[in-house]
Amino acid sequence: MKKTLQFYRSAGATKIFNNKQLISSISQQTRLFSQKLNVNSNLDVIDVEDEATQHIPKEQMQHMAKLRNIGISAHIDSGKTTLTERILFFTGRIKEIHEVKGTDGVGATMDSMDLEREKGITIQSAATYCNWGKHHINIIDTPGHVDFTIEVERALRVLDGAILILCSVSGVQSQSLTVDRQMKRYGVPRLCFINKLDRLGANPDRVIQQVRDKLKLNAAAVQIPMGLEDSLQGVIDVIENRAIYFEGDNGEKLVYKDIPERYQQEVQTKRAELYERLADADDEFAEKYLEDAEITPEFIHKVIRRATIANKFAAVFMGSAKKNTGVQPLLDGVIRYLPNPAQVKNYAIDYSEEKQNLPEAERKVETIADSTKPFLGLAFKLEEGKYGQLTYVRVYQGSLKKGSTIYNVRTGEKIKVPRLVRMHANEMEDVNDIGPGEICALFGIDCSSGDAFTANLKQKYSMENMFVPEPVVSKSIQIKDRQKEAVFAKALSKFQREDPTFRVTFDPEGNQTIIHGMGELHLDIYVERMKREFDCEVIVGKPYVAYRETIQGRGEYNYTHKKQSGGAGQYAKVIGHIEAMDEKEMEETPDKFIFENRIIGNAITPGYIAGCEKGFREAVHKGPLIGCPVWGVKAILSDGAIHSVDSSELAFRIACVQAFKQAFDKARPSILEPIMKVEIVVPEEYQGEILGSISQRRGTITNSERSASDATWTIWAEVPLSEMFGYTTVLRSSTQGKGEYSMEYLTHRPVTPDIQQKIIEEKQRESNPTTEAANSNEKGKKKK
């Protein structure tokens with residue numbers, strides 16, 4: 001079909017849209033249709049029938065068709081929380097509009113944490129719900145800062161659709177790319193909303209092109225703005241062929257008028273572009289398009305919904321949330337084009353004993369959004385509140401009732417549901433039961449993020465795992481008041497339960513507690529929360545970098561472990577080598593380590609092989625160079641020997657730990673450092689200075705682009721994380737506070753030999769502070 005379409009275009013398909021008679025016909029059809037359709041109050045959804053909904057009773061399906069679970073995601077400062085505030089206002093969920101940074105002393109509804117209102121950023125994802133016409137919408141507002149990316153990750157894991165917000169001036173930014181990857185990872189259909197059309201330099205056409213080029217989405221506008229910047233008056237619906245004006249004090253009154261004459265040509269061009277994009281995504285539409293058949297607005301809505309749910313198309317809406325423009329048509333788009341819970345395929349993993357040895361692909365079971373089926377839910381987010389732990393749950397199958405009994409699949413624990421609530425930011429509303437596809441919260445349940453709940457333990461199902469990125473920054477913390485150690489431990493435990501990317505370890509050599517996270521801001525927020533929520537102040541040490549160790553070559557080992565202490569001793573001999581893993585193996589192995597047993601015969605008793613693997617895994621946990629985890633190593637065991645009396649699993653575990661150290665030194669060991677993808681926006685006059693500062697930090701410039709609207713430069717670079725600490729201060733002082741930057745983890749790469757030596761020496765000084773102090777005292781005496 002696509003080949004036919006391309007041939008037809010090359011033969012002059014665009015002439016269809018130069019045919020005045022056809023355009024007039026379409027315009028007349030759209031006007032007739034729009035008169036019948038009351039978009040705001042009686043929005044009829046042309047649903048898509050598919051295999052997923054065939055097994056659900058008709059009454060349930062009618063209820064399910066009126067339910068949407070959506071997330072709002074974007075780069076930082078693109079207007080996510082501002083848009084959510086408008087959605088809540090226009091749906092009647094709140095009575096007043098408040099701004100994000102709390103300039104009116106109140107702050108946005110979804111930024112309920114004091115820190116969020118002070119800093120003007122979203123730190124935790126917040127859930128709410130509202131009604132639009134006859135439809136019920138569950139909404140999760142997510143953070144835009146890369147340090148809090150886990151909040152986006154777990155929200156998208158349980159949502160059925162999303163709105164991707166893009167700034168009309170900045171376009172596709174670094175976190176836009178990250179959010180797009182997360183949506184694709186979980187197959188989440190999305191609508192795009194180009195926000196801030198009232199800003200100086202707004203260029204929606206450029207943003208749409210970036211969506212196609214950078215995000216590789218088949219996107220097309222379903223609206224065009226009437227005016228830009230200060231002259232923004234409203235939007236034009238390309239499908240319904242009408243102009244929409246937003247009147248009243250807060251844009252709550254929609255007025256539909258004929259399209260002004262000066263926009264007629266642009267509307268025709270955009271409709272032609274929309275038709276071509278839909279023809280690429282949907283065969284039925286392509287046939288009508290090629291045959292010059294009648295194309296009604298009703299048919300277009302049906303095709304867009306079908307293509308959106310199949311992730312073959314992304315409809316682009318326009319507006320300015322702050323100016324209350326374009327929000328209601330976007331809500332109509334959510335209802336029209338995003339799927340209901342029954343139309344999204346979700347899978348559980350069967351952990352029953354009879355299927356334990358099967359590959360994961362063969363243990364997959366499709367869940368059905370049917371209230372008559374046994375209950376299955378997922379705890380995707382935890383919060384510690386003043387009333388205890390609050391557990392957010394998405395119901396995938398069956399229903400959940402207050403007072404009912406459920407089971408934690410991981411622990412086998414039997415749980416009675418004491419209280420069931422719907423969340424509205426930090427407010428709670430009690431409910432008696434929740435059906436399939438819904439999101440709710442439970443109180444007083446002891447569980448971890450990612451736990452699955454079922455109606456009985458015969459059904460040992462767990463939902464597919466969520467991706468959790470590795471922490472990249474670490475800091476040492478020390479409590480100021482020793483009498484508050486119990487409170488300190490409680491706070492750390494609470495934060496770890498809430499956030500899988502926040503981790504705590506103890507360094508016995510330095511006698512320090514180390515916290516690990518996704519960035520400096522991430523860790524600073526938890527330190528501040530410790531002070532505010534627990535009245536527990538801590539002293540924060542300098543940042544640690546999450547280095548890794550690896551090898552560049554091959555190293556042989558031949559190690560014998562002997563120990564005699566009276567009676568039975570210990571004996572184990574292992575022979576083999578270690579080698580570097582290739583790229584494919586690295587991608588397919590989450591823990592970056594492979595153990596292979598290549599022994600022919602029984603040189604080592606099969607029962608001791610498990611001890612060998614444990615020994616190697618213990619060795620890679622803390623590398624010989626600087627004590628960091630070892631990545632990218634394949635340990636091959638090819639021979640060995642045992643003693644009939646003295647050999648044991650413990651002896652072989654110890655032997656393999658020492659054998660690894662022996663081989664590691666021979667395999668050209670090196671240190672890997674985290675590399676960050678950095679995006680810097682600066683005024684044109686500071687471009688040269690900033691490029692120089694990146695080079696000084698061992699960074700590589702990957703791209704730069706000048707904005708056509710406001711004489712700023714956007715610079716993309718790859719820079720080692722260790723060089724980015726304190727860069728905020730440097731950037732602000734260099735640009736008089738006009739520059740800004742964001743960064744996210746990209747990969748780990750080997751350091752140069754001179755940097756490696758410096759890192760080793762620094763780690764040695766940290767592990768032996770008394771020796772360093774003695775050396776400095778000795779130098780001081782010699783000078784005197």
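1. K592 sits in the loop between helix 15 (583-588) and strand 32 (593-597); helices here are DSSP runs of H or I with at least four residues, strands are E runs of at least two, and both are numbered from the N terminus. Its phi is positive, about 60°, although K592 is not a glycine. With a relative accessible area of 19%, K592 is buried (under 20% is buried, over 50% exposed, partly exposed in between; 1.4 Å probe, protein chains only).

2. Before going on, the ground rules. This is a predicted model, with local features needing pLDDT of at least 70, side-chain atom pairs counting only at pLDDT 80 or more, and totals for chains, interfaces and linings using all residues. Residues are numbered from 1 along each chain as its sequence is written, and side-chain values use heavy atoms, leaving out hydrogens and water.

3. K216 also isn't a glycine, yet has a positive phi of about 55°. Look for K216 in the loop between helix 8 (204-214) and strand 6 (219-221). K216 counts as exposed because its relative accessibility is 64%. For context, most residues other than glycine have a negative phi.

4. Now a helix pair. The axes of helix 18 (residues 687-696) and helix 19 (residues 727-734) come within 11 Å and cross at roughly 155° (axes are lines fitted to C-alpha atoms over the stretch in contact, with angles from 0 to 180 degrees between N-to-C directions). Helix 18 and helix 19 are therefore roughly antiparallel (over 145 degrees; under 35 is roughly parallel, 65 to 115 roughly perpendicular, the rest oblique).

5. On the contact itself, E689, I690, S693 and I694 in helix 18 meet Y727, L731 and S734 in helix 19, contact meaning heavy atoms within 4.5 Å.
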